[in-house]
Amino acid sequence: MSSIASHYHERTKYAPDTIATKSQGLDWSKQPSPFKEYKLGKTLDLKPYLGKDTLENLTSEAIAWRRLSQMLYCTYGITAKMATLMGPPVYLRAAPSAGGLYPAELYLISRGTDLLPPGLYNYQPQNHALLQFWDEAVWANLEQACFEPEILKQVDLALVSSAIFYRSAWRYEDRAYRRIFLDTGHLLGNLELAGAINHFRPCLLGGFNDQAMNELLYLDSEQEGVMTVIPLGDSTPPPESYLTALPSPIYSDYALVQDGDLLNYFHQSTQITAFQAPTSEVSETTDKYNFPFCLKISTQTAPIHWGIHLEELEQTILKRRSTRTYTGADLTLDELNLLLHFTYHPEDYANQGLDPQPDYFDLSLLQTFVVVSGVTGLEEGCYYYAPQAQELRQIRFKNFRRDVHFLCLGQELGRDAGAVIFHTADLKLAIQKYGDRVYRYLHMDAGHLGQRLNLAAIHLGLGVSGIGGFFDDQVNEVLGIPEDEAVIYITTLGRPRLR
């Protein structure tokens with residue numbers, strides 16, 4: 001019998017002959033709220049610290065508040081409000097979310113600083129505030145729940161991201177678990193960059209005692225679960241190494257639960273109760289595929305310049321929107337090269353103040369394929385992107401516009417994009433290394449990469465939109481991607497149609 005992660009992946013695949021039965025329609029009377037409310041707590045307003053005052057005009061306390069306020073706002077703050085024909089307005093945030101459902105919640109845990117007394121805080125994006133809902137010291141409990149990592153002994157603040165499952169499952173049902181972790185990855189991508197802008201160094205921890213973390217934050221584990229723990233340091237890189245990812249057991253003795261119950265069952269099955277090191281260290285990212293006699297195109301380019309003090313990067317984060325429609329016009333090879341370079345080569349941005357080695361869980365497990373439908377200077381076809389060699393390696397020559405339109409469930413974004421990025425992983429090998437919990441890591445890392453693609457595209461004036469719904473098996477068959485590679489995420493890139 002396969003593991004629960006493989007079982008979940010197979011059960012939640014979309015296929016042309018069964019997709020009509022995968023959705024029962026939306027019950028608008030049960031639409032979830034995108035905001036978490038507390039009846040009691042002390043509110044700390046962060047809005048006064050959003051601004052462009054020069055640092056010379058601020059006290060040290062005001063500077064500290066502004067750093068924290070700006071980082072949270074650029075990570076997950078509300079950046080726009082849209083009226084709807086049905087139901088309440090949609091509040092758009094700095095990080096994208098499938099269907100605009102925003103399942104993630106952010107918490108801040110303080111050891112106790114001049115700024116924040118010890119306790120637990122929830123980030124309230126609806127009014128850009130921190131709500132302190134527990135005012136006693138809990139840092140020792142946090143360290144214990146995370147198996148005493150050295151990094152938590154060296155910092156005073158830690159962010160925790162969770163997910164309220166129903167916010168996404170209301171629309172996407174059991175497959176929502178994939179989107180929840182992709183959305184978490186988007187948030188982590190923003191946090192990495194917003195942290196650098198505001199002189200924080202986020203450090204990822206994906207391995208922790210799930211039950212202990214849920215209890216620490218007083219979460220109902222049937223409704224909400226912790227996704228990541230993120231110590232916030234002030235240095236780059238962090239002073240000590242730590243394991244970003246820990247394995248869970250490989251769970252093969254699982255029940256065949258009904259549709260609708262699979263998401264929660266899978267989540268509970270991938271929890272950790274005790275520390276266990278991975279079977280091997282995180283590998284260096286390598287170029288997995290080198291197809292013989294294939295066309296190879298260099299993607300080497302100079303870095304994107306993000307302006308003085310990364311102001312253009314901050315502006316890009318806050319104005320980012322997912323593109324609704326493309327014109328079908330071509331991109332240029334230079335633009336594609338810049339997108340790939342910013343996404344996969346952070347080491348070339350250290351001199352601009354960005355982290356040259358941002359945290360991922362294990363990028364060696366992810367591969368990247370690029371379908372080119374309209375890129376000036378590049379033949380149409382499907383390519384493998386080799387990040388270390390910085391080149392595209394063609395594996396199939398064809399115009400795939402019609403095929404990608406079909407693979408993306410008939411979404412015109414797939415048809416009209418100039419290039420479409422496919423992130424994939426050998427799920428069997430990944431499970432051998434990290435157990436079934438690897439399903440979380442793969443999707444968070446893919447979402448993190450996708451957010452870097454998003455921001456580079458917006459900065460270049462291009463359109464970009466992620467797609468989490470696709471015909472899984474048909475992607476490999478049509479594009480010629482090796483069958484062992486499970487598709488994790490798709491990002492479309494094109495010329496946006498201006499309204």
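Hi everyone, let's start with helix 8: its buried residues are covered by, among others, helix 2 (60-76), helix 5 (176-197) and helix 13 (438-459). Helices here are DSSP runs of H or I with at least four residues, numbered from the N terminus, and buried means under 20% relative accessible area with a 1.4 Å probe, protein chains only.

A quick word on the source. This is a predicted model, where local features need pLDDT of at least 70, side-chain atom pairs count only at pLDDT 80 or more, and totals for chains, interfaces and linings use all residues. Residues are numbered from 1 along each chain as its sequence is written, and side-chain values use heavy atoms, leaving out hydrogens and water.

Back to helix 8, residues 311-319: the buried ones are L313, E314, T316 and I317. Seen down the helix axis, they fall within an arc of 160°, taken from the directions to the C-beta atoms, so they line one face.

Now the cores, meaning sets of buried Ala, Val, Leu, Ile, Met, Phe, Trp, Tyr and Cys residues joined through side-chain atoms within 4.5 Å. The largest has 110 residues, and L68, L116 and L130 are among those with the most contacts inside it. Beyond four places in sequence, L116 has contacts (heavy atoms within 4.5 Å) that include W65, L68, L108 and Y121. A second, separate core has 25 residues, including F133 and F208.

C74 is buried, at 0%.

Terms used:
Buried < 20%, exposed > 50% of the residue type's maximum accessible area, 1.4 Å probe, protein only. Helix = DSSP H or I, 4+ residues; strand = E, 2+ residues; numbered from the N terminus.
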